[in-house]
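Here's a guided walk through one protein chain, starting with the big picture and then stopping at a few spots. Keep the model open beside you and follow along.

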Amino acid sequence: MDFNDTPDDAAYRARARDWLAANAQAYREPPAQPQSRGDMVGAARSWQKAKHAAGYTGITWPKSMGGQGLSPMHSIIFNQEQSHYHAPTELFAIGLGMCLPTVFTHGSPEVIARYVAPALSGDEVWCQLFSEPAAGSDLAGIRTKAVADGDDWIIDGQKVWTTNAHLSDYGIIVTRTDPSAPKHKGLTMFIVDMHAPGVEARPLKQMSGGSDFNEVFFTGVRVPDSHRIGAVGDGWKVSLTTLMNERLAVGGKPSHAPDYKLLMDFAARIETDTGPAMEQRDVRQRVAASYIADEGIKLTQLRALSALAKGEVPGPEQSISKVVVAKTMQDMAAFAMDLSEAGGFITAGAAPDLAKLQGSYLAAAGLRIAGGTDEILRNIIAERVLGLPGDMRPDKDTPFNAIVAA
Ligand SMILES: Cc1cc2nc3c(=O)[nH]c(=O)nc-3n(C[C@H](O)[C@H](O)[C@H](O)COP(=O)(O)OP(=O)(O)OC[C@H]3O[C@@H](n4cnc5c(N)ncnc54)[C@H](O)[C@@H]3O)c2cc1C
């Protein structure tokens with residue numbers, strides 16, 4: 001494994017670094033105050049537009065789709081450099097990371113011509129409408145139905161945990177179009193207009209205080225057949241494109257997650273009855289364990305980068321990274337909050353670095369669920385990395401309406 005940039009990568013990194021230094025100074029520090037929804041959306045759109053004008057969007061997308069036609073390494077390099085800033089990238093992450101690659105891989109030329117460019121330039125925001133109250137890990141168990149009506153389809157049902165649905169213009173939605181087929185075979189995907197009559201997004205309140213995701217209700221929502229993505233009944237296959245992109249997107253450590261250094265500095269400043277916390281044996285052992293976990297994550301990610309640099313696609317072993325990252329983030333933050341005793345309740349304004357650890361503690365629980373729960377990722381590692389026997393899937397070949405009725 002070679003950890004150094006190739007000459008081409010180094011030149012690209014230098015250009016990206018210079019561009020960011022000239023354009024991202026406003027994002028050197030995180031916002032001092034919580035932003036209003038309007039300010040947050042406005043800032044995200046402006047940043048997306050600035051990157052688009054400079055050729056730093058759709059880095060790996062084909063040129064025919066308005067992308068840069070560069071390698072995954074170029075995208076990783078730009079993201080590494082961008083991570084030195086607190087730029088507002090999250091609003092577009094799901095749309096550009098997962099939804100639009102699905103649209104341009106499986107959509108019709110008309111759909112591609114209409115939707116890809118405005119998403120890339122930051123004019124339109126997208127969400128991913130997959131999970132439902134009774135279908136998350138078992139995504140093929142969704143019940144939202146689409147029924148043909150002339151040249152249209154009528155969608156009825158409910159999605160949940162839909163990140164940014166309340167801020168989105170469009171979404172990709174998986175629906176059941178043939179309940180008499182086995183669960184993976186009766187699905188079809190569509191593009192749905194989030195402002196259409198019958199679509200209602202209700203934000204959910206999170207324990208962090210934010211409202212990033214929603215319940216979304218569909219009541220008689222009319223979608224033209226031209227907005228179908230892939231063939232009728234091929235929704236599972238089309239969804240796999242989205243899920244593969246999701247696994248790549250969520251596998252790494254979030255750019256501003258705390259690391260062992262933050263924990264070490266923090267422990268050095270905490271005074272206990274017997275002196276600085278960092279001088280205590282059990283505290284030093286926890287910091288050392290965090291260092292070991294951080295190094296393991298870094299090396300696992302470098303292994304994935306090496307695979308990408310050789311033109312390979314990182315496989316199911318990417319799941320290992322996500323299981324360890326989310327758990328490490330939660331453990332580190334929980335330990336820091338334990339160390340600070342009652343101070344663990346102090347909020348952002350009073351203690352910025354503790355606020356970062358608190359934020360991480362509250363976010364890590366979601367990270368252990370989103371994009372595949374720990375248990376599902378462990379199943380993937382067991383079956384596809386270690387070659388152990390498969391999980392029980394007794395309803396795989398049963399007609400869906402027979403499972404629901406059972
Ligand atoms: C922060 C966040 C953002 C999200 N954003 C989106 C989004 O934008 N769009 C979207 O569609 N969804 C989104 N989701 C939903 C997410 O995909 C689901 O929460 C996830 O797939 C788990 O599904 P579930 O919540 O229904 O849990 P369930 O699938 O009901 O799982 C419940 C528990 O059972 C365990 N379990 C289930 N099956 C098995 C099995 N076979 N073996 C062992 N254990 C099992 C799980 O690990 C879990 O502990 C988001 C979730 C979070 C937390």
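You're looking at a predicted model, where local features need pLDDT of at least 70 and side-chain atom pairs count only at pLDDT 80 or more, while totals for chains, interfaces and linings use all residues. Residues are numbered from 1 along each chain as its sequence is written, and side-chain values use heavy atoms, with hydrogens and water left out.

Let's start with the whole thing. The chain holds 12 helices and 10 strands. Its radius of gyration is 23 Å, close to the 22 Å that the globule rule gives for 406 residues, so the chain is as compact as a globular protein of that length. (That radius is taken over C-alpha atoms, and the globule rule is 2.2 Å times the number of residues to the power 0.38.) Along the principal axes, the C-alpha atoms fill a box of roughly 75 × 50 × 45 Å.

How much of the chain is buried? Buried residues make up 44% of the 406, where buried means under 20% relative accessible area, exposed means over 50%, and partly exposed is in between (1.4 Å probe, protein chains only). The accessible surface of the chain comes to about 20400 Å², and 56% of that belongs to carbon and sulfur atoms. These areas come from the Shrake-Rupley method with a 1.4 Å probe, and for residues only the protein chains shown count as cover.

Now for contacts, meaning heavy atoms within 4.5 Å. Among the contacts in the chain with a separation of 6 or more, 73% are between residues 24 or more positions apart. As for charge, there are 39 positive and 47 negative side chains, and the centres of the two sets lie 2 Å apart. Lys and Arg count as positive and Asp and Glu as negative, leaving out His and the chain ends; each charge is placed at NZ of Lys, CZ of Arg, CG of Asp or CD of Glu.

Strands β2 (residues 145-149) and β3 (residues 152-163) run antiparallel and are joined by five bridges; two strands count as paired if DSSP finds at least two bridges between them. Lys 145 stands opposite Asp 156 in β3. Two residues separate the strands of this hairpin, and Gly 150 in the turn has a positive phi of about 60 degrees.

Most residues other than glycine have a negative phi. Trp 161, though not a glycine, has a positive phi of about 65 degrees. Asn 164 also has a positive phi, near 60 degrees, and sits in the loop between β3 and β4 (170-176). Are these two residues buried or exposed? Trp 161 is exposed, with a relative accessible area of 51%, while Asn 164 counts as buried at 10%.

Moving along, β4 pairs with β5 in the antiparallel sense over seven bridges, and Ile 173 stands opposite Phe 190 in β5. Strand β5 (residues 187-193) is mostly covered, with six of its seven residues buried. β5 also pairs with β8 (residues 228-229), antiparallel again, over two bridges. Here Met 189 has Ile 229 in β8 as its bridge partner.

Gln 82 is in helix α3 (residues 72-82) and counts as buried, at 8% relative accessibility. Leaving out residues up to four places away in sequence, Gln 82 touches Leu 20, Trp 47, Lys 51, Ala 87 and Thr 89.

Val 287 lies in helix α8 (residues 281-309), and at 4% relative accessibility Val 287 is buried too. Beyond residues up to four places away in sequence, Val 287 touches Tyr 260, Leu 263, Met 264 and Met 278.

At 34% relative accessibility, Pro 399 counts as partly exposed. Pro 399 and Ala 181 are 218 residues apart in sequence, yet their C-alpha atoms are 4.7 Å apart in space. Aside from neighbours within four places in sequence, Pro 399 is in contact with Pro 179, Ser 180, Ala 181 and Pro 182.

Note on methods: Helix = DSSP H or I, 4+ residues; strand = E, 2+ residues; numbered from the N terminus.
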